[in-house]
Amino acid sequence: MSRVKPVLARALTTTPLLRLDVAHRGRVRRLGLKLEEHGPTGSVKDRSAVGLLRSLHDDRPLTPGTVVVESTSGNLGLALARLLPTVGCDFLAVVDLKTPHATRRRLADSGARVIVVDEPDGLGGYLLSRLRRVRELCADNPGYRWPDQYENWAAPDIHRRTTGPELTEQAGPELGAVYIPVSTGGTLAGISAHLREHRPDVAAVAVDVRGSLAVSGSAGRRLVPGIGASRPSVFLTAPHSYDRAVHVDDIEAIAVCRIIAEDIGLALGGSSGCAVRAMLTDQDEAGTDGRLAVCLAADGGAKYRDTLYSDNWATEQGVAKEITSAVEHLRSEGLFFDRKHQEH
Ligand SMILES: Cc1ncc(COP(=O)(O)O)c(C=O)c1O
């Protein structure tokens, strides 16, 4: 009997919701961080990988020796690189120059073959170049299997069935809005579908980054890996697939990450900083009713120590001054994070 289904069933784990108070512009808000870094390889993509491999296996069994190829900014790659060897399959990860070196090393250490695409796609990232490479590999090797995280509805579906219910259960009736960073849009589409069905009173807010076309907007430089895309998400085209969208400035998101680390000693990934920045803007604009806001913290900050959290990196990118002044500006608005809410 195939080991694939039991291995995938065991791979699904739950993640905690950390509750904080956030002071900003004279108000104190309640914030929940859904800490996906507690997944087996440290990101929300641990769940997506399970959904995608299940669907691949349902289409045609994943037999030992099968080669799976996927384009990834890193996190889905880490999740697939953990699971595939346990079912005897090989993994070919197509990443790009923005994929953190720590992630590339971890992929190689897990036995994945890593192909680094270095040709910018002209739209602020490398996604279209990565996809071109995957298509070429599949055309040259008809036996290769491609989960296609960008168009395979198994990805949103696993979030509809796991992340969404877990989050609403942990947050309880006080939940008012959920802020979800978008790249493929799978996480948002799935959580939003769960909210529509079971908690229509809760807003699903798409968080995109300046320079990304994932939700809308125009293409440009993007500093934060994991969030944003060089093309619109195919999972978010239906009307009402989410309530509203907020585009954030990546410099401000990095500043928020640094402030959270300073205040509570927790390093989050850059897309989580985007979600928190979006929450502050949105709650000011939409007018908060005092209910709990939850941000999906898609991964942790350790793998970004040499980039988003590094002053040398900021200097190399020419954004050191911008980050410092964003931190100063947010502090001047009274931004401060405190763990005390969880003790109430
Ligand atoms: C750190 C991080 N945040 C957010 C996302 C967005 O998730 P999705 O592709 O489901 O939109 C990703 C996806 O790779 C990610 O790695």
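Select helix 3, helix 5 and helix 7 (186–198): each of them supplies at least two residues of the lining of the largest cavity. Helices here are DSSP runs of H or I with at least four residues, strands are runs of E with at least two, and both are numbered from the N terminus.

The model is a predicted one, so local features need pLDDT of at least 70 and side-chain atom pairs count only at pLDDT 80 or more, while totals for chains, interfaces and linings use all residues. Residues are numbered from 1 along each chain as its sequence is written, and side-chain values use heavy atoms, leaving out hydrogens and water.

**Stop 1: the largest cavity**

Stay with helix 7, which gives the most to the lining of the largest cavity, with three residues. A cavity is a set of points on a 1 Å grid over the protein atoms alone where a 1.4 Å probe fits but cannot get out; lining residues have an atom within 4 Å of a point.

The volume of the largest cavity is about 510 Å³, where a volume is the space filled by probe spheres set on grid points joined across faces, edges and corners.

Now colour the lining of the largest cavity by class: 17 residues are nonpolar, 18 are polar and seven are charged. Nonpolar means Ala, Val, Leu, Ile, Met, Phe, Trp, Tyr, Cys and Pro; charged means Asp, Glu, Lys and Arg; the others, Gly among them, are polar.

**Stop 2: the two domains**

Colour domain 1 (4–43 + 153–343) and domain 2 (45–140) separately; such bounds come from an automatic or database domain assignment. The C-alpha centres of domain 1 and domain 2 are 23 Å apart.

**Stop 3**

How many cavities of 30 Å³ or more does a search of the whole structure find? The search finds three. For the second largest cavity, select S73, G74, N75, P100, T103, P225, G226, K303 and Y304, which line it. Its volume is about 60 Å³. The lining of the second largest cavity has three nonpolar, five polar and one charged residues. Domain 1 and domain 2 each provide at least three residues of the lining of the second largest cavity.

**Stop 4: the largest pocket**

Next comes the largest pocket, with about 490 Å³ of space. L97, K98, T307, W313 and Q317 are the closest to its centre among the 24 residues that line the largest pocket. A pocket is an open set of points with protein on both sides within 12 Å along at least five of seven lines.

Select helix 4 (residues 101–109): with four residues, helix 4 makes up the largest share of the lining of the largest pocket. By class, the lining of the largest pocket holds ten nonpolar, six polar and eight charged residues.

**Stop 5**

Display an open sheet of three strands, ordered 3-4-5 and paired in parallel. Its edge strands, each pairing on one side only, are strand 3 (67–71) and strand 5 (113–117). Two strands pair if DSSP finds at least two bridges between them.

Strand 4 (residues 90–96) is joined to strand 5 by five bridges in the parallel sense. Select V95 and then look across to V116 in strand 5, which stands opposite.

Angles run from 0 to 180 degrees between N-to-C directions, with axes fitted to C-alpha atoms, for helices over the stretch in contact.

**Stop 6**

The last stop is an open sheet of seven strands with mixed pairing, in the order 8-7-6-9-2-1-10. Strand 8 (244–248) and strand 10 (336–338) are the edge strands, each pairing on one side only. From one strand to the next, the twist averages 30°.

Strand 1 (residues 17–24) and strand 2 (residues 27–35) run antiparallel and are joined by eight bridges. Select D21 and find R30 opposite it in strand 2.

Finally, return to helix 7: it lies across strand 6 (175–181), strand 7 (203–209) and strand 9 (292–297), and runs at about 170° to strand 7.

Technical notes:
Contact means heavy atoms within 4.5 Å.
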